[in-house]
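These exercises are for a reader who is new to the structure shown below.

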Amino acid sequence: MTLQQLEYLLALDKHRQFAKAATACDITQPTLSTMIQRLEEELGVTLFDRTQQRPTEIGLKVIEQARCILQEASQIKSIIDEEKNTIQGTFTLAVLPTIAPYLLPLVLPRWRTCFKDLELRIVEMKTSDCLRSITDRTVDMAIIASDPEQSDIRYSQLYYEEFLGYVSRNEKIYSSSVVRTSEVDPQRMWLLDEGHCFRDQLVRFCQLKYQNKSKLTYSEGNLISFMHIVEAGQGLTFIPKLAERYLDTNQRTLVRPFAIPRPVRGIYLAYRKDFVRQSVLTLFEESIRSSVPREMLTIGPEQVLAK
């Protein structure tokens, strides 16, 4: 039994087809089939049902253990890389959809320099998926906007980001210079679905009982789509502070800060408790903090953390 065989087994479990799994592993289908067959012969069991194209019952148990073994093997490589002070290998970073479009353009130039020998894979995920993926080691770190409550996850504070109102010219509160929570009509808001911390923090801060009774609803929407709807004269939404730097002059006329105290969200770098690549962690922290405006590194006297 080899680590390579276990990697092929996990690829087969993921793709559920020998041809697709072979392509993902960059080998031929006959090679993959032979390696899986040899593993089955060594163990004396059938791991994959060729007819149903899925793992057998015992195969599922072996796959779960194989995943643990490969994770521990990867941890050994990480320990060696850290000891040698080398920034190389493969690294997967998850980022929230409400952070990625605005932070990544600022920080990617720095990452291309400091991580030039690292194969960096970036994926967008919601908070719950980020934390689950960190725990099961399918991602190494995640940039999130809420304190992880899991005991096996640690986090590092990166910066604080204000929430801003984005208000159409047809709204009553457009004439106001600030957004007051008492004046916000929940039925006129375009919000992300439940489970997005960006939405949940806003709802709690504004003390909204958000129940969309409108005949027009928009599920699985995103901030960019909501902004376009507002620009067309329909309702209001909210955007993170970093999004403001990408707006043109006309769009900026729709932006309204909250009245004091202005809500901010904390942005964190989350990682496993047993994460050993301290040099990589430090580079991520420093590169992100140096990419955002300095005033975002602390909470100002007129700001309050939305939880």
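The model is predicted, and local features need pLDDT of at least 70, side-chain atom pairs count only at pLDDT 80 or more, while totals for chains, interfaces and linings use all residues. Residues are numbered from 1 along each chain as its sequence is written, and side-chain values use heavy atoms, with hydrogens and water left out.

**Exercise 1. The whole protein**

Task: Describe the protein by its elements, its span, its buried share and its contacts.

Solution. 
Step 1. Helices (H or I, at least four residues) and strands (E, at least two) are DSSP runs, numbered from the N terminus.
Step 2. The C-alpha trace spans about 75 × 50 × 35 Å along its principal axes.
Step 3. Buried means under 20% relative accessible area, exposed over 50%, and partly exposed in between, with a 1.4 Å probe and protein chains only. Of the 307 residues, 47% are buried.
Step 4. A contact means heavy atoms within 4.5 Å. Among contacts between residues at least 6 apart in sequence, 79% join residues at least 24 apart.

**Exercise 2. The nonpolar cores**

Solution. 
Step 1. A nonpolar core is a set of buried Ala, Val, Leu, Ile, Met, Phe, Trp, Tyr and Cys residues joined through side-chain atoms within 4.5 Å. In soluble globular proteins, nonpolar side chains tend to be buried together.
Step 2. The largest core holds 72 residues, and Ile-143 and Tyr-159 have the most contacts inside it. At least three of its residues come from each of domain 2 (86-159 + 264-305) and domain 3 (161-263). These domain bounds come from an automatic or database domain assignment.
Step 3. Leaving out residues up to four places away in sequence, Ile-143 touches a set of residues including Leu-93, Val-95, Trp-111, Leu-158, Ile-267 and Ile-288.
Step 4. A second, separate core has 19 residues, among them Tyr-8, Phe-18, Val-62 and Ile-63.

**Exercise 3. The largest pocket**

Task: Which domains does the largest pocket lie between, and what lines it?

Solution. 
Step 1. On a 1 Å grid over the protein atoms alone, a cavity is a set of points where a 1.4 Å probe fits but cannot get out, and a pocket is an open set with protein on both sides within 12 Å along at least five of seven lines; lining residues have an atom within 4 Å of a point. Grid points are joined across faces, edges and corners, and a volume is the space filled by probe spheres set on the points.
Step 2. The volume of the largest pocket is about 1,400 Å³.
Step 3. Its lining has 35 residues, and Leu-70, Ser-74, Arg-121, Arg-137 and Thr-138 lie nearest the centre. Helix H4 gives the largest share, nine residues.
Step 4. By class, the lining has twelve nonpolar, ten polar and 13 charged residues. Here Ala, Val, Leu, Ile, Met, Phe, Trp, Tyr, Cys and Pro count as nonpolar, Asp, Glu, Lys and Arg as charged, and the others, Gly among them, as polar.
Step 5. The pocket lies between domain 1 (3-81) and domain 2 (86-159 + 264-305), because both give residues to its lining.

**Exercise 4. Two residues**

Task: Are Glu-40 and Arg-67 buried, partly exposed or exposed?

Solution. 
Step 1. Glu-40 lies in helix H3 (residues 29-43). Its relative accessibility is 8%, so Glu-40 counts as buried.
Step 2. Arg-67 is in helix H4. Its relative accessibility is 26%, so Arg-67 counts as partly exposed.
Step 3. Not counting residues up to four places away in sequence, Arg-67 touches Leu-10 and Asp-13.
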